[in-house]
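Please open the model in your viewer and keep the selection panel at hand. We will go from one stop to the next, with a note on what to pick each time.

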Amino acid sequence: MTILSVEHLCKRYPGFALEDVSFSMEQGTVMGFIGRNGAGKTTTIKSILRLVRPDSGRITVCGMDAETHEREIRARIGYVSGSAAYYPRRRLRALTAVTASFYPAWDSVRCAQLMQRFGLDEDKRVSELSEGMKVKYQLALAMSHGAELLILDEPTSGLDPVSRDELLQMFVQLCDKEGVSIFFSTHITTDLDACADRITWLRDGRVAASGPLDAFRAEYVLARGPEAQLTDALRAKLIGATVRAGQAEGLLHAADAPLAAGLALQPADLTAIMVHLEREAEP
Amino acid sequence: MKLLLKKECRLVLSPVQLLFLLLSGLLMIPNYPYFITFFYTGLGIFLMMQAARENRDAAFMSVLPVSKRDMVRARLALAALVELMQLASCVPFVLLRTYAVHMQNAVGMEANAAFLGVGAGMLGLFNRVFFPLHYKNGYDLGKPFLAATAVTALYMIAAEALTHIPGIWFSTVCESYAPAQQLHQLPLLAAGLAVFALLTLRAAQVSARRFASVDL
């Protein structure tokens, strides 16, 4: 079942535009939503949440049209933004109570467990939390009302490596054991190597790629070796190549790998693919 | 809406706003332009909106299962509640002025039933100007407040001026604090409350429509 579908989404601002953005994700999967800062990730997410009104396009969440079922959709999703901090002088207890009142399916036992697991003290004020703890608090709220789809906008940006790993493991568990779907926007692409099933890559407001992560990674290899080994044919095929101290490095389409005789080839991870493709695209 | 209003009362309504209700006591000053009381109500609403903005209430609301239109309606409902509480808190002082402390106000309209009706209209006018201007972008507060204050000031001046035109109903019947005369003022009180309701509802409609198309 398709839990999230974005079709031909367009939103134009002076100096920036989302153009014909389309992708979809299935229930019980993790989709990584990647792109550079300013690529349009947050605008896309805000369009899904109807915080931004798209110029055109259609978005469906849990089978419902986002334009006409704003309230119903929000009841079935959880939204966590890495940068959001609200009511800094309020205690977590008060904000939790208000949030809980809006969800008939609120699970207070689970909420208490998550607060304990994340080391969150309900008597603390929001302003007393670190950035990472604020994200954890939002996650605890989102996961306590039985959200079917978690929309996470840069949730791991402010977290230390251990907390990040803990969260990523939790995402995998939520997905595998509870069938929760996770739409995960980030520019820390190594996080997605650990948990994403599919990725959608946004570049300058357009979808550069959308599909299974493994298939996307299998499309490329990373080539490294002495610059002297680069033939003209190979130079033409290398993507985002750099040369330093006589050593060349670049991305290759897997089909072009036979051209790289004399260079060491290794599987490319998401970070390497994104960095090289972005570098290649720069004017 | 009930849940939202509850949330507004718990997170947005500040004690300062409630303290402003005590300013209904201004009606006990012997000579005073009593409509100033309602300017303080408007100021309290402005401060309340400012606090909500600085607390990033919109970001908090964006995680809750409510539409942007609902957010606006709830805020207007809270403002209307505060304003009705202000009017209600004026009533004991009007009764005191009517039955216990007889004083003729030399500088403005008497504190009577007609005053409450005109005051209700004034608060409705404040809502009609302030909220739709604010929800054009959901951020600006200073200019909407200045505009609403200017319009309500003109309204107040017009009302006060009417009390000085001899021989008209507004200056003869509405300037009395005698209980029998105040009975004749009740239609004005009812009309004022109706105007308040209509203007506030219209403000909510326009504000909700505008905010729905704002990009947060």
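A word on exposure before we start: buried means under 20% relative accessible area, exposed means over 50%, and partly exposed lies in between (1.4 Å probe, protein chains only). What you see is a predicted model, in which local features need pLDDT of at least 70, side-chain atom pairs count only at pLDDT 80 or more, and totals for chains, interfaces and linings use all residues. Residues are numbered from 1 along each chain as its sequence is written, chains are lettered from A and ligands numbered from 1 in the order in which they are written, and side-chain values use heavy atoms, with hydrogens and water left out.

**Stop one: chain A as a whole**

Select chain A and colour it by secondary structure. There are 10 helices and 14 strands; helices (H or I, at least four residues) and strands (E, at least two) are DSSP runs, numbered from the N terminus. Along its principal axes, the C-alpha trace spans about 65 × 40 × 35 Å.

Of the 283 residues of chain A, 52% count as buried. The accessible surface comes to about 12,300 Å², and carbon and sulfur atoms hold 49% of it; these areas come from the Shrake-Rupley method with a 1.4 Å probe, and for residues only the protein chains shown count as cover.

**Stop two: a four-stranded sheet**

Select β11 to β14 of chain A. They form an open sheet of 4 strands in the order β12-β13-β11-β14, with antiparallel pairing; two strands pair if DSSP finds at least two bridges between them. Which strands stand at the edges? They are β12 (239-244) and β14 (264-267), each with a single partner strand, so one side of each is left without a neighbour in the sheet. From one strand to the next, the twist averages 20 degrees.

Zoom in on β11 (residues 220-226) and β13 (residues 247-253) of chain A, which pair in the antiparallel sense over 7 bridges. Within this part of the sheet, A:Arg224 has A:Glu249 in β13(A) as its bridge partner.

**Stop three: salt bridges**

A salt bridge is a side-chain nitrogen of Lys or Arg within 4 Å of a carboxyl oxygen of Asp or Glu. The structure holds 24 of them over all chains.

Select A:Arg76 and A:Glu148, whose closest N and O atoms are 2.8 Å apart in a salt bridge. This pair links distant parts of the chain, 72 residues apart: A:Arg76 is in helix α2 (residues 70-76), while A:Glu148 lies in the loop between α5 (131-143) and β7 (149-153). A:Arg76 is partly exposed at 28% relative accessible area, and A:Glu148 is partly exposed at 25%.

Finish with A:Glu131 and A:Lys134, joined by a salt bridge of 3.1 Å, N to O. Being 3 residues apart in helix α5 of chain A, they are separated by about one helical turn. A:Glu131 is partly exposed at 43%, whereas A:Lys134 is buried at 14%.

Notes
Axes fitted to C-alpha atoms, helices over the stretch in contact; angles between N-to-C directions.
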